[in-house]
Amino acid sequence: MEGLRVWRLSSSIARPSGLRQLFGLGSSSGLVRCLDGGASTTTTNTRLPSRNRLSSTSTSTSTSDREAVRAIRLKKVEQLRSKGLEPYAYKWDRSHSARELQEIYKNLKNGEEMDSESHLVSIAGRIVARRAFGKLAFLTLRDDSGTVQLYCEKERLLNDQFEQLKTLVDIGDILGASGSIKRTEKGELSVKVDSFSILTKSLLPLPDKFHGLTDIDKRYRQRYVDMIANPEVADIFRKRAKIVSEIRKTVESQGFVEVETPVLQGAAGGAEARPFVTYHNSLGRDLYLRIATELHLKRMLVGGFEKVYEIGRIFRNEGISTRHNPEFTTIEMYEAYSDYQTMMDMAEEIVTRCALAVHGKLTIDYQGVEINLERPWRRETMHNLVKEVTGIDFTEFENDLKVAKDVIMKTLGVGLDNKDKFSIEACPSLGHLLNEVFEIFVEQKLLQPTFVLDYPMEISPLAKPHRRHAGLTERFELFICGRELANAFSELTDPLDQLVLT
């Protein structure tokens, strides 16, 4: 029986150089500019910050400035209520999204207006830019589909709404607006506003227009602020959802059944990791957040299912970085009567279908390197890959660990940092040493899709021994862009061997 784990399909901490860009999840830089006219505008910056920018402040606005802004906007809330207007509405009926308007009226010519009743529209969204002068004001409204301009004329608005627009509406407020359609002389599709309502009054300013949200920690921990300052971030969430949906379609088309297994467990098993511990009051005992979905999924096969999978949250109380998060999502799947060769085919199918779903093609430019996801992908043993990159053939060492270390240090030691040298010297077996050399010298070179096969037994305790090569297991890991994307093996099913390992 065979199992496949595809690790870290997503993470609450984004990985700047992660595989999300491989599937078109990366975002381009640029400014949202949807205001008419040539005057300077107030707008949010949508450029993602440099990966190396680790500023301790997210905007140039100090805490005292923010509190002053908050006090002013609270007074505006009072003013609105004194006029009988509710600044936090219950509902707004909108007829179109911004994207729908842009699509419907894409052929509207510059300067053309659609004033008939059939072209009256109602929209809603956040104000991200504004400028006003004399009897005219322009506002940029953004919803989750895109942006559209609000074209506001004093004569067209009822009562004192134009003055309310100038004095009570701030960037960050959520507005609902109704009116007809026009395209300005400079080509900006606009809603000529007949009336508007403040649906949610914002009390704090958006990130600084020139620097956006540059505090890396805040971007990851306050993703809602990140999405406001950098709207392309929301596309990552949408594409992730598309990927998860495509994974389900792919595996279920092969007859797999999705199951849910316990998150709280009496013993943490299925992987080597430190668990999070919690206390169950009714049971009067400690429980552990799962570190893998493995054991319960295997029990499903024991119970009679032949193909099962779970897309589940995993918790590991260990280190944290942009490549490792204590809380992450995996897909883990098990199939009876198959081996690791079957799962290589499945891994190819999953990744290629996901790439097509979000990117539309299988040849992708990733950080200046063209990645070709066309099948079949390369399949090569760890021994051969190490020999290919380093020139060292581990089969020649037999079981002489000391000789192997001496050859490696003599051949590859120049230029190694002390950490890598220590890791090599600390290896307790030839299998561990092979894996260490692979991770240091080979892994980062595997840019194109590559299945690395037949791992040493010492580092693969739950995998079946290789049927032809002693000391190896029937295990693979999939690498793309130098990053591990999947790990799988023919499962160890001999109960006596399992007992030895427990």
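Biologist: In this predicted model, how does α9 pass α12, and what makes the crossing left-handed or right-handed?

Modeller: Helix α9 passes α12 in a left-handed crossing. The term applies because the near helix is turned anticlockwise from the far one by less than a right angle.

Biologist: Why are α9 and α12 called oblique to each other?

Modeller: The axes of α9 (residues 382-390) and α12 (residues 430-442) come within 10 Å and cross at roughly 50 degrees. Angles under 35 degrees count as roughly parallel and 65 to 115 as roughly perpendicular. The pair is therefore oblique.

Biologist: Which residues of α9 and α12 meet?

Modeller: From α9, Met-382, His-383, Leu-385, Val-386, Val-389 and Thr-390 meet Leu-434, Asn-435, Val-437, Phe-438, Phe-441 and Val-442 of α12. By class, this contact holds 9 nonpolar, 3 polar and no charged residues.

Biologist: What makes α10 roughly antiparallel to α11?

Modeller: Helix α10 (residues 401-412) and helix α11 (residues 418-425) pack at about 160 degrees, with their axes 10 Å apart. An angle over 145 degrees counts as roughly antiparallel, so the term applies to α10 and α11. Their crossing is right-handed.

Biologist: What classes of residue make up the contact of α10 with α11?

Modeller: Lys-405, Ile-408 and Met-409 in α10 meet Lys-421, Ile-424 and Glu-425 in α11. These divide into 3 nonpolar, no polar and 3 charged residues.

Biologist: How do you know whether Cys-152 is buried or exposed?

Modeller: Cys-152 has a relative accessible area of 2%. Buried means under 20%, so Cys-152 is buried. Cys-481, at 12%, is buried by that cut-off too.

Biologist: How many disulfides does a search of the whole structure find?

Modeller: The search finds 0 disulfides.

Notes:
Residues numbered from 1 in each chain as written. Predicted model: local features only at pLDDT ≥ 70, side-chain atom pairs only at ≥ 80, totals over all residues. Heavy atoms only, no water. Axes fitted to C-alpha atoms, helices over the stretch in contact; angles between N-to-C directions. Helix = DSSP H or I, 4+ residues; strand = E, 2+ residues; numbered from the N terminus. Contact = heavy atoms within 4.5 Å. Nonpolar A, V, L, I, M, F, W, Y, C, P; charged D, E, K, R; others polar. Disulfide = S-S within 2.5 Å. Buried < 20%, exposed > 50% of the residue type's maximum accessible area, 1.4 Å probe, protein only.
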